[in-house]
Amino acid sequence: MSIVLKESIEVIVQSIGISNLSADAALALASDVEYRMREIMQEAIKCMRHSRRTTLTTDDVDAALTLRNFEPIYEFASGDPLQFIRAVGHKDLFYIDDKEIDFKDVTHHDTPLPKAPLDTSIMCHWLAIEGIQHAIPENAPVEVSGVLDVKRPENGDIGLPVDIRLPVRHVLSMKLQLYFDKMTELTIFNSDSVLFKEALVSLVTDPGLHPLVLYFTCFIADEVSRGLGNFCILFALMRLVRSLLKNPHIHIEPYLYQLMPSVVTCLVAKKLGNRFADNHWELRDYTAKLVALICKRYGHVYDTLQPRLTKTLINAFLDPKRAITQHYGAIQGLAALGSNVVRLLILPNIEPYLRVLEPEMLLESQKNEMKRHEAWTVYGALLHAAGQCIYDQLKSFPALPSHPPHTFWRNNAKVIVNVPGKRKATMEDLEQQPPSRKLPWMGLLMLRFPIVLCPICK
């Protein structure tokens, strides 16, 4: 049964001034109007379900009209219940008492027209990132406190006070505060203790330490900047960074821009530690592996991480004004990034660099033994990097066939060698051989180089 009757179409047509509509045309219009209404209601129900609601509203119908490219309904929304009035001459026909307002009557008044309301829209911005509120126009300034009153408008209306709340500070639990204090204390004062090693293991495995990442990064940056003369603290800080990187429950990507300057400083700084016994070479080697770990794990997240790092290291490597220790750190850092980096950046520059390094290695031109030792250490790092690059290139070739090894076995505490194609000697042949002569120099040779039996021959 049709929900839109022919009589309803006739009443609507008469209301707009058409009086000669035939009955067949009214029936055809009724079926078409019913089809259009069902189509709009189906779209409105879809909008309702997408909004996770079970009650159909007028906003859903407006959204359905917009999806079907229909002209929107221009009216004022009201929360009052609808008032239906019975049509004159029809017992079962009702209509809504909706008054029509002429724009001429509205515009002829002396009062100015109100501004058209803006459509509701959504705009996203960062309120705070890891507990830090950034100074952007959408955020309230930190200096504002209390309740501020809005200025009175020109028409004399009194504005209501606006409550501007201050940004919430990053609050840590007492347990996390004690953990951070104990960890920093061990790093500064007891980095050689067993408790510090256990704390590093806890830092790798504990899943609830993400709120402390910001504090750890600030602590590492501050201590590296003012503790370059303390070798033990620097090494402990790099171990702390490695533990943070190895924790799978910590998202450390947003803090790499704070960690990388500290890590690179421990790699290419001119002087690390004040004592002669401080093994800063070991610290630079450890930091180079740490740099390689960061690039391997987060290089796909930040595309500019490894290019910027290699640019910094190659500048330190090719700068003749830098110290030899800085050159060593740059070489180790580039070598840790892989054989491709060595092949593209170190090998093309190794010949001009050796011309600069050679005078520092010779006793005639460099009388300072410490400087010569540093130069020879850098030379060893160059050899290791070039050799590793060549070895990685050789591994890409297929394995070549090798000569079959001789067969060795143990028989009555003697080593017997079987060579393929050689006739086996008998006891008769050995008895017919003349006795061997002992030369004079054999005794001296035996005295200077005594024969030591291997464990197999004993």
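Which hand does the crossing of α7 and α8 have, left or right? I looked it up, and the crossing of α7 and α8 is left-handed (the near helix is turned anticlockwise from the far one by less than a right angle; clockwise would be right-handed).

I note that this is a predicted model, where local features need pLDDT of at least 70, side-chain atom pairs count only at pLDDT 80 or more, and totals for chains, interfaces and linings use all residues. Residues are numbered from 1 along each chain as its sequence is written, and side-chain values use heavy atoms, with hydrogens and water left out.

**Helix pair.** I found α7 at residues 213–226 and α8 at residues 231–246, with an angle of about 155° and axes 10 Å apart. Helices here are DSSP runs (H or I, at least four residues), numbered from the N terminus. The axes are lines fitted to C-alpha atoms over the stretch in contact, and angles run from 0 to 180 degrees between N-to-C directions. The two helices are therefore roughly antiparallel (over 145 degrees).

I listed the contacts (heavy atoms within 4.5 Å): F216, F219, I220, E223 and V224 in α7 meet L234, L237, M238, L240, V241 and L244 in α8. These divide into 10 nonpolar, no polar and 1 charged (Ala, Val, Leu, Ile, Met, Phe, Trp, Tyr, Cys and Pro are nonpolar; Asp, Glu, Lys and Arg charged; the others, Gly among them, polar).

**N349.** I placed N349 in the loop between α13 (339–346) and α14 (350–361). N349 is partly exposed at 22% relative accessibility (between buried, under 20%, and exposed, over 50%, with a 1.4 Å probe and protein chains only). F317 lies 32 residues from N349 in sequence, with 9.4 Å between their C-alpha atoms.

How values were computed:
Parallel < 35°, antiparallel > 145°, perpendicular 65-115°, else oblique.
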